[in-house]
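Take each task on your own before reading its solution.

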Amino acid sequence: MMRTMAGGQMIRTRSKRVLQCMGACSALLILAGCQRPLDWNGQPPHDAEEAAERITAARLSGHIETLAGDEYEGRGPATAADLRTQQYLSDQLAGMGLEPAGPDGSWLQEFGVIGITADVPKHWSFQRGAETLTLNHWDQFIASSGVQRTTSSIDRAEVVFVGYGIDAPEYAWNDYKGQDLSGKVLLIVNNDPDWDPELFEGKKRLYYGRWDYKYAMAARQGAVGAIIIHTVPSAGYPWQVVQTSWSGKQFELPSEGGARLEIAAWVTEDSAADLVRFAGRDLAELVESAKSRDFQPVSLGVTTSLTFENQLTQARTANVIGRLRGSDPALRDEAVIYTAHHDHLGIGTPDASGDRIYNGALDNATGVALVLAIADAFRALPIAHRRSILFLFVAVEEQGLLGSEYYAAHPTYPPGKIAANLNFDGGNIWGKTRDITFIGLGKSSIDAVVERIAATQGRVVKPDQFPDRGYYYRSDQFNFAKIGVPAAFFDTGSDFIGRPAGWGKQQVELYEEVRYHQPSDEFDESWNFEGMIDDARLGFWAGLAIGNADAMPSWLPGDEFEAVRKAALEAVSAP
Ligand SMILES: [Zn+2]
C-alpha cells in the first residue's frame with residue numbers, strides 16, 4: 001500500500017446498470033466445447049465451488065510466512081532479496097503448471113528504475129520589474145525535478161495562472177483555451193471543480209483533480225514548470241505530507257520521450273497568495289474566476305528562475321507474470337489480469353527494538369498470497385475459463401506504482417483485449433466480515449459481478465470506508481484504469497461478525513499506527529484467515545465470471561476512463 005499523498009474524496013455510488021448476461025453458452029460455444037453455463041444467481045457452479053475449496057488458511061499463510069520472513073529482507077526493489085522474491089513467485093507459478101507470460105517468454109518483465117535526489121536551494125525568487133519576492137524552501141515551497149538529468153533549470157520564465165489546469169472534453173471544460181504556454185511556469189489550483197454534482201462528479205476527486213494529472217498536462221502544454229497551490233481541503237492532507245512525500249530520493253521509470261517539466265513544485269496557500277499579491281492581484285478573485293468554463297489563463301506579469309542539481313541512480317527490477325490460457329478460441333486472446341505488488345520497503349531505519357527489516361507481511365505478502373491461491377484455484381477447474389487469466393506480481397509499488405505503470409506502458413496484451421484488472425493490496429487478517437470493501441465501486445460493470453457473487457456468500461459490497469484517502473488512485477489498479485481497462489481493488493471488509501460496530505475500522509487504524517510501513521508489519525500466528533479466504537474466493541469467482549462472460553466489463557456511462565477505453569477497443573477492432 002502506498003498511502004501517502006492520498007487525495008481527499010467522497011465516494012458516491014451511481015445507480016447500477018444491469019450487467020450483461022454472464023457466460024450463458026451459445027449454441028456455437030456448446031459445439032466448441034463449452035460444457036455448461038455458469039449460473040451465479042443461485043450458488044456458484046459446483047466445479048467452481050470445489051476449486052475454491054483449495055483456498056485455505058494453510059495455503060495463504062504458507063506464502064505469507066515465507067515472503068514476510070527475515071530471509072526475504074523486506075523485498076526491497078533491486079536487491080538480492082528482490083531476486084529471491086521473483087524466484088519464489090516463478091517457482092510457485094511453475095509448480096502450479098502455469099505458463100510463463102513475460103514479454104520474452106520467461107516469467108519476468110524486467111525494467112529499469114531511476115532514483116532522483118534533488119538538491120533544492122533554500123530560496124526561490126520571482127521578479128516583477130525591479131522588485132523581487134522570495135519564497136523559502138520547505139516552509140513555503142517544495143520542488144522536485146521533472147527531468148532525468150543532473151540539472152533542472154527554469155530561466156526567467158513567465159508565471160501564468162491556469163485555474164484548475166484541466167482539459168476534459170466530456171465536461172466541455174478546457175482551462176488552457178489553446179493558448180501557447182510553452183516556456184511558461186503554470187500556477188494551478190488543486191483538485192477539480194467540486195461545487196456541482198454534474199461537473200467532475202461533484203465532491204468526488206477524479207484523476208483530473210490529482211497532482212500527477214496536473215503536472216502531466218502542464219508538460220503537454222509545453223510549460224517548463226508547474227506550481228500547485230496546496231490547501232488542506234483541496235489536497236485532503238496537510239502541508240507536512242507534501243514536505244515528506246517530495247523530499248529525499250524520488251523514483252520513476254526511465255523517460256521514453258514525451259513532454260516533461262523541468263521543475264514540478266507545490267506552494268502553500270499563503271505563499272500563493274503572496275505571489276499573486278506581488279503580481280498586483282488577489283488569489284481569491286483568481287480562484288473564483290477559475291470556477292467557470294469561460295476562464296482564460298492569466299499572465300501574472302512575473303518571471304521566475306530556479307536551478308538545482310540532481311543526483312541520479314539506476315536500478316533494475318521485474319514484474320513476474322504467469323498465465324492460464326483460455327479455452328475459447330474466440331476469447332482466449334483476451335485476458336483477465338489479477339495483480340498484487342511483491343515489493344516492500346526492504347531494510348531501513350531500525351525501530352525502537354533495533355529491527356531494521358521492513359517485512360511487509362500485510363503489505364503486501366498477503367496480496368501476493370491471495371493471488372497465488374486464486375491461481376491455484378483456477379488451475380484446479382475441470383473446465384478451463386474462456387478468456388486467458390494472467391497473474392501479475394508487480395514490482396516497485398511502494399515508490400509510486402512503478403511496476404504497474406511499466407506494465408501499462410508495455411502491456412503483454414493490447415489494452416483493448418484486457419477484460420479487467422482485479423487488484424489485491426493488503427488482506428483481511430481479522431476474521432469473517434458481512435461485507436467486502438470494493439475500491440472502484442460505482443465505476444464499472446465489475447460492480448454487478450462482485451455484488452452478485454458476494455450475495456452468494458451472504459455478504460454486501462461497500463465503497464471505500466476511508467473516502468478522504470482516495471485509495472482508487474493509490475494502488476496498482478489505477479495504472480490499468482489509465483489505459484482504459486475496467487479495474488478495481490478488493491479491500492478488507494469493515495463489518496466483522498461477532499464484533500461491535502466500528503471494530504473493523506479500529507483494527508485498520510491500529511495497524512496503520514503501529515505496523516504500517518514499519519519493521520513490525522510481520523507475520524503473526526494469531527492472524528485469523530477466515531475473512532481472507534472469503535475475499536480470495538470472491539476474487540476467484542469474480543475473475544472466473546468475467547473470464548467466462550460473453551462481453552468484457554465496461555465503465556459505467558460517463559466514467560472518467562470511458563473515453564480511453566473506447567479508443568483502446570477501437571484500436572483492436574478488426575478494420
Ligand atoms: Zn505499502
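The exercises below concern a predicted model, and each solution goes step by step.

**Exercise 1. Find which strand holds Tyr358, and decide whether Tyr358 is buried or exposed.**

Start with the secondary structure: Tyr358 sits in strand β16, residues 357-358. Next, take its relative accessible area, which is 13%. The cut-off for buried is under 20%, so Tyr358 counts as buried.

Now look at its surroundings. Leaving out residues up to four places away in sequence, Tyr358 touches Gly74, His344, Leu345, Gly346, Gly348, Thr349, His517, Gln518 and Pro519. For a view of the fold, turn to Asp70: this residue is 288 residues from Tyr358 along the chain, yet their C-alpha atoms are separated by 8.8 Å.

**Exercise 2. Work out which polar partners the side chain of Thr304 has.**

Then search for polar atoms around the side chain. One partner is the side chain of Trp124, in a polar contact of 2.7 Å. Another is the backbone oxygen of Ser125, 2.8 Å from a polar atom of the Thr304 side chain.

Thr304 is then in contact with Trp124, Ser125, Phe126, Gln127, Ile154, Asp155, Arg156, Ala157, Val159 and Val185.

**Exercise 3. Find how many salt bridges the whole structure has, and examine the pair Arg210 and Asp212.**

Recall the idea behind the search: side chains of opposite charge can pair when their charged atoms come close. Run over the whole structure, the search finds 24 salt bridges.

For Arg210 and Asp212, the closest N and O atoms are 3.2 Å apart. The cut-off is 4 Å, and the pair forms a salt bridge. Both accessibilities can be read next: Arg210 is buried at 3%, and Asp212 is buried at 17%.

**Exercise 4. Compare where the salt bridges Asp328 to Arg386 and Asp333 to Lys417 lie.**

Take Asp328 and Arg386, whose side chains meet at 3.0 Å, N to O. Asp328 is in the loop between β13 and β14 (335-341), while Arg386 is in the loop between α10 (361-379) and β17 (388-394), so the pair ties together parts 58 residues apart in sequence. Asp328 is buried at 6%, and Arg386 is buried at 7%.

Move on to Asp333 and Lys417, with closest N and O atoms 3.3 Å apart. This pair links distant parts of the chain, 84 residues apart: Asp333 is in the loop between β13 and β14, and Lys417 in the loop between α11 (402-409) and β18 (418-424). Here Asp333 is partly exposed at 38%, whereas Lys417 counts as buried at 19%.

Note on methods. Residues are numbered from 1 along each chain as its sequence is written. This is a predicted model: local features need pLDDT of at least 70, side-chain atom pairs count only at pLDDT 80 or more; totals for chains, interfaces and linings use all residues. Side-chain values use heavy atoms; hydrogens and water are left out. Helices (H or I, at least four residues) and strands (E, at least two) are DSSP runs, numbered from the N terminus. Buried means under 20% relative accessible area, exposed over 50%, partly exposed in between (1.4 Å probe, protein chains only). Contact means heavy atoms within 4.5 Å. A polar contact is a pair of N or O atoms within 3.5 Å; within protein, one must be able to donate a hydrogen and the other to accept it, and residues adjacent in sequence count only if both atoms are side-chain atoms.
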